[in-house]
There are 2 protein chains.
Amino acid sequence: MTFTQKLKEIQTKQNSLLCIGLDVDPEKIPEHMKSRANPVLEFNRQIIEATQDLVCAYKPNLAFYEAMGEGGLTTLRETLMLIPKSVLTIGDGKRSDIGNTAEQYAKSLFNDFGFDSATINPYMGFDSVEPFSRNPEKGVFLLALTSNPGSKDFQRLKVKGKPLYEKVVQAAKKWNKNQNIGLVVGATHSRELKMIRKIVPDMPLLIPGIGKQGGDLKSVIRNGCDENGQLAVINASRSIIYASSGRNFADAARAEVKKMVEEIRAYKK
Amino acid sequence: MTFTQKLKEIQTKQNSLLCIGLDVDPEKIPEHMKSRANPVLEFNRQIIEATQDLVCAYKPNLAFYEAMGEGGLTTLRETLMLIPKSVLTIGDGKRSDIGNTAEQYAKSLFNDFGFDSATINPYMGFDSVEPFSRNPEKGVFLLALTSNPGSKDFQRLKVKGKPLYEKVVQAAKKWNKNQNIGLVVGATHSRELKMIRKIVPDMPLLIPGIGKQGGDLKSVIRNGCDENGQLAVINASRSIIYASSGRNFADAARAEVKKMVEEIRAYKK
């Protein structure tokens, strides 16, 4: 089964388009957790246990784990073990390198850590992407139009009258021989999201930037889904995992997830 | 002292523009090393000991260490300890992420591992670069025109008549308030290198792609140096570290380095 098929199946079974970004900063987890042997792992365990029936994916951002050194990688590995097979994992590392080196990254993310998919920065072109898309079961999300202010610096530059990010969308469509390539489009750009969905009606779109970054959920759902109300992966991180800084953080996360999932279901109609 | 000043000083003291890419694949190291407790670390130790008086920098590519898991990060950390302060280190990870996350990567590379500089993918714009360039003593090399075949896919697209990579060069020049930003330009593009050096006469240029990838050393030196014959950092990896697969690999690496350094000195005249 290709990654895109697997995503559809999981979104159907879970009846959810929501992805939780496990971007855990040790300084931001609740005080009462800090005396635990591995506070970040215990934090992740409780978040995952409280939300796993309501989401289609978890997306750990590698930067947060790398910032904790070797122990951080072990925590990431152990976190991945806690995620049930009924939910997808996205290794958010935005890697890019020449083919020979990209193979090493793909090996690390897909074989060693066992991620189902990864985010990739497309700037270096086809041979930097191909090692990640070689296995149809593993997914690749290419950065197209990101949610941050800097997205205007290069991504929106006009190439023959079209913005650069559209060139990335067209390339991703062309490279998608294995039906396992998707795109990252920030929730802060809902008009562009609509246009991108028109170009790639059947590709997964990973959409971060809901919540803290200010993206509007309703327009993201209306513009980002495929014709069956699927293939949009709506990511929220800080608004969920830091919903409460108290002992009830996992319950608060679940409540926030539930609210979002219900909103998403309502907007899909 | 800013990173750019430090690079100049080190290139003068070492009388060398050469950087060795420590991109060590455990499968490619000499057979007789494979029974060692940590073959990659021992391999790096011997390469560094044999070449440290002849180079201005070492550039480990993070992918190769990450592919070895947690132990790989420890090996990277221990490798960095073996590099004398008289030589710079470049953490080649080509990272890119939104500001909040880029800070985590910068913390990992500069504070935890202690790299002197890092390579960054510019596609996400200013806020993804700024956390790396905040400290003037730490250097940032932004990917402009990379050495691989995929560099044509996006980097050469025309924006108002100019290639995209030139927009990156112009942005890097504008963002270089702390005199610590440089650019990555592949040795396989010597004509473009000349044009880029004209736009940024006083910024460091990291130039990979000599050797295995086919870049021509003479034109790279003539086109990539500043007016004092400095600020080009010429990287070679596989042609040096795998110069021999026998017991003499470190001597063979030194001989290859010596040959390249002498060629570089000759071409500078």
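Two strands count as paired if DSSP finds at least two bridges between them. Helices (H or I, at least four residues) and strands (E, at least two) are DSSP runs, numbered from the N terminus.

Before clicking, some housekeeping. Residues are numbered from 1 along each chain as its sequence is written, while chains are lettered from A and ligands numbered from 1 in the order in which they are written. This is a predicted model, in which local features need pLDDT of at least 70, side-chain atom pairs count only at pLDDT 80 or more, and totals for chains, interfaces and linings use all residues.

**Stop 1: a strand pair in chain B**

Select strand E3 (residues 88-95) and strand E4 (residues 117-120) of chain B. Three bridges hold E3(B) and E4(B) together in the parallel sense. Find B:Arg95 and look across: B:Ile120 of E4(B) stands opposite.

Now show the side chains of E4(B). B:Ser117 and B:Thr119 point one way, B:Ala118 and B:Ile120 the other, and all of them are buried. Here a residue is buried if 20 or more other C-beta atoms lie within 10 Å of its own, exposed if 12 or fewer, and partly exposed in between, with C-beta atoms placed from the backbone. In a regular strand the side chains alternate between the two faces of the sheet.

**Stop 2: the barrel of chain A**

Switch to chain A and colour its strands. Eight of them close into a barrel in the order E1-E2-E3-E4-E5-E8-E9-E10, with parallel pairing. From one strand to the next the twist averages 30°; for such angles, axes are lines fitted to C-alpha atoms (for helices over the stretch in contact), and values run from 0 to 180 degrees between N-to-C directions.

A:Leu18 faces A:Ile234 of E10(A).

Next, E4(A) and E5(A), a parallel pair with four bridges. A:Ile120 stands opposite A:Leu142 in E5(A). Seven of the seven residues of E5(A) are buried, so this strand is largely enclosed by the rest of the structure.

**Stop 3**

Which phi does A:Asn15 have? A positive one, about 50°, although A:Asn15 is not a glycine. The residue sits in the loop between H1 and E1 of chain A and is exposed, with 12 other C-beta atoms within 10 Å.

Compare A:Leu231, with a positive phi near 70°. A:Leu231 lies in the loop between H9 and E10 of chain A and is buried, with 23 other C-beta atoms within 10 Å. Most residues other than glycine have a negative phi.

A:Ser237 is buried, with 26 other C-beta atoms within 10 Å. Not counting residues up to four places away in sequence, A:Ser237 touches A:Gly21 and A:Asp23.

**Stop 4: helix H11 of chain B**

Back in chain B, select residues 249-268.

Buried residues in H11(B) include B:Phe249, B:Ala253, B:Val257, B:Met260 and B:Ile264. Looking down the axis, the buried residues fall within an arc of 165°, so they line one face of the helix; the arc is that of the directions from the helix axis to the C-beta atoms. B:Lys259, B:Glu262 and B:Ala266 are exposed on the other side. Among the elements covering the buried residues are E1(B), H2(B) and E10(B).

**Stop 5: where the chains meet**

Finally, show both chains. The contact takes 47 residues from chain B and 47 residues from chain A. On the chain B side, H5(B) gives the largest share, seven residues.

How values were computed. Contact = placed C-beta atoms within 7 Å.
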